[in-house]
Amino acid sequence: MPVGQFTRATGIRLAVLTGSHLRNGDLDRGLATGAQARTIPSTVHSTRARSYPHALTDDLAPWATDPRAKEFIHHTHPARSRPAT
């Protein structure tokens, strides 16, 4: 299915694939598909589609100190990347 069609479904599928890569220990593939998944919800009006990339921050927990994971979390969910006050 082309990315331009059924965008919500495509974003959700990419986010699920990202989570699979991360849970299988593949940070590189997870971040690559995660970058795609993160951009799609901004083009649709779907709370569900927007929630999937945000949920990926939990799958990134094993790489909490990796700068690439921190960058992904910052761009996906800025509130989680801020230090607690």
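In helix α1, Gly11, Leu14, Ala15, Leu17, Thr18, His21 and Leu22 meet Leu27, Arg29, Gly30, Thr33, Gly34, Gln36 and Ala37 of helix α2, where contact denotes heavy atoms within 4.5 Å. The model is predicted, so that local features require pLDDT of at least 70 and side-chain atom pairs pLDDT 80 or more, whereas totals for chains, interfaces and linings use all residues. Residues are numbered from 1 along each chain as its sequence is written, and side-chain values use heavy atoms, with hydrogens and water left out.

The chain contains five helices and zero strands, helices being DSSP runs of H or I with at least four residues and strands runs of E with at least two, both numbered from the N terminus. The order of elements from the N terminus is α-α-α-α-α. Of the 85 residues in the chain, 38% are buried; buried means under 20% relative accessible area, exposed over 50%, and partly exposed in between, with a 1.4 Å probe and protein chains only. Among contacts between residues at least 6 apart in sequence, 52% join residues at least 24 apart.

Two packed helices are described by the angle between their axes and the distance between the axes. The axes of α1 and α2 come within 8 Å and cross at roughly 165°; axes are lines fitted to C-alpha atoms, for helices over the stretch in contact, and angles between N-to-C directions run from 0 to 180 degrees. Helices α1 and α2 are therefore roughly antiparallel, a label for angles over 145 degrees, with those under 35 counted as roughly parallel, 65 to 115 as roughly perpendicular and the rest as oblique. The crossing of α1 and α2 is left-handed, that is, the near helix is turned anticlockwise from the far one by less than a right angle.

Thr18 belongs to helix α1, residues 7–23, and is counted as buried because its relative accessibility is 0%. A polar atom of the Thr18 side chain lies 3.0 Å from the backbone nitrogen of Gly34. Beyond residues up to four places away in sequence, Thr18 touches Gly30, Thr33, Gly34, Ala37 and Leu56. Val16, also found in α1, is partly exposed at 41% relative accessibility. Its C-alpha atom is separated by 9.1 Å from that of Gly34, 18 residues away along the chain. In the loop between α1 and α2 lies Asn24, which is exposed with a relative accessible area of 68%. Asn24 and Asp59, 35 residues apart in sequence, are 10.0 Å apart from C-alpha to C-alpha.

Helices α2 and α4 pack at an angle of about 15°, with their axes 11 Å apart, and are therefore roughly parallel to each other. Their crossing is left-handed. At this pairing, Leu27, Asp28, Leu31, Gly34, Ala35 and Arg38 in α2 meet Arg68, Ala69, Phe72, His75 and Thr76 in α4.

The largest nonpolar core has 13 residues, and those with the most contacts inside it are Leu22, Leu27, Leu31, Leu60, Trp63 and Phe72; such a core is a set of buried Ala, Val, Leu, Ile, Met, Phe, Trp, Tyr and Cys residues joined through side-chain atoms within 4.5 Å. Two or more residues of this core come from each of α1, α2 (27–39) and α4 (67–76). Leu27 is in contact with Leu22, Leu60, Trp63, Asp66 and Arg68, leaving aside neighbours within four places in sequence.

Terms used:
Polar contact = N/O pair within 3.5 Å; in protein donor to acceptor, adjacent residues only side chain to side chain.
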